[in-house]
Amino acid sequence: PKGSIQVLAQFCAEHEMQLCMHAIGDAANRAVLDAYAAVGKPADRVAKRLRFRIEHAQVLAEDDFARFAQLGVLPSMQPTHLTSDMPWAAQRLGPARTARAYAWTRFHRLGVIVPFGSDFPVESVDPRRGLFAAVTTRGVGDAPGPGFRPEQRLSREQAMRGFTLHAAHASFAERDLGTLEVGKVADLTVFDRDLRSCSDDELLQAKVLLTVVGGQVVYDGRDR
């Protein structure tokens, strides 16, 4: 119920806790945004300071995109949800709602930070599939073409940032994780090709050569 969301949001604000609420449909997202907006005084920007998130944020009402930017709420999204949903989304959501769904590029144009993830075990944990979905809006095995939501296709840099720096930002970890910089934790994956410039299909074929966690090699695939 909407009142329960408000109580939870207020509790988290008073205790300086980050709140991450799941919402998929437009009514659910609006209910969460309303609760976040009601926390504290408007000038306090509580949601932005505590980095309140909405997990999924998949289908929104037209007026609610701007509210993410105004409130500083993070839409924590999973690109492969588009490829899982696209066989039925247009029929079940209808054309108007589909045009407001899986709208990563629209958030980017508003200057909103968009953290990406996999939603494992609901979806594959493989980040290559997420990158492919974000830059093509096509499913694995689909023929080359414009994709399901071609106007929402991201650049390679935008998509990779979603899985790295923006994901770190979403958990207050951007000082330690998310980019390769002196002083940060050496958490990284080495692929056998440049994911910024290879073809779209090669994103799915890229081989992991090394996985490093905390500066220690935890997987070595160079001889596999």
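Visitor: In this predicted model, rings of Phe, Tyr and Trp pair if their centres lie within 6.5 Å; how many aromatic pairs does the count come to by this rule?
Guide: A pair of aromatic rings is described by the distance of the centres and the angle of the planes. With the cut-off of 6.5 Å between centres applied to the predicted model, the number of aromatic pairs comes to six.

Visitor: Is the pair of F65 and F107 stacked, edge-to-face or tilted?
Guide: The ring centres of F65 and F107 are 5.4 Å apart, and their planes stand at 55 degrees. Planes under 30 degrees apart would count as stacked and those over 60 as edge-to-face, so an angle of 55 degrees makes this pair tilted.

Visitor: How many residues apart in sequence are the parts that F65 and F107 tie together?
Guide: F65 belongs to helix α4, which covers residues 64-71, while F107 belongs to helix α7, covering residues 104-109. Both F65 and F107 are buried.

Visitor: Which class describes the pair of F68 and F107?
Guide: F68 in helix α4 and F107 in helix α7 are 39 residues apart, and their pair links distant parts of the chain. Their ring centres lie 5.0 Å from each other with the planes at 70 degrees, so the pair is edge-to-face.

Visitor: Which residues form one aromatic cluster with F107, and which charged residue sits over the ring of F65?
Guide: F107 forms one aromatic cluster together with F65 and F68. Over the ring of F65, at 4.0 Å from its centre, sits the charged end of R106.

Visitor: Is D201, which forms a salt bridge with R138, buried, partly exposed or exposed?
Guide: The closest N and O atoms of D201 and R138 are 3.9 Å apart, and the bridge links helix α11 (residues 200-205) to the loop between α8 and α9, 63 residues apart. R138 is buried, with a relative accessible area of 7%. D201 has a relative accessibility of 35%, and therefore counts as partly exposed.

Visitor: What is the N to O distance in the salt bridge of R193 and E202?
Guide: R193 is partly exposed at 24% relative accessibility, and E202 is partly exposed with a relative accessible area of 28%. Their side chains meet in a salt bridge, where the distance from N to O is 3.2 Å.

Methods: Residues numbered from 1 in each chain as written. Predicted model: local features only at pLDDT ≥ 70, side-chain atom pairs only at ≥ 80, totals over all residues. Heavy atoms only, no water. Helix = DSSP H or I, 4+ residues; strand = E, 2+ residues; numbered from the N terminus. Buried < 20%, exposed > 50% of the residue type's maximum accessible area, 1.4 Å probe, protein only. Lys NZ or Arg CZ within 6 Å of the ring centre and 35° of its normal. Salt bridge = Lys/Arg side-chain N within 4 Å of Asp/Glu carboxyl O.
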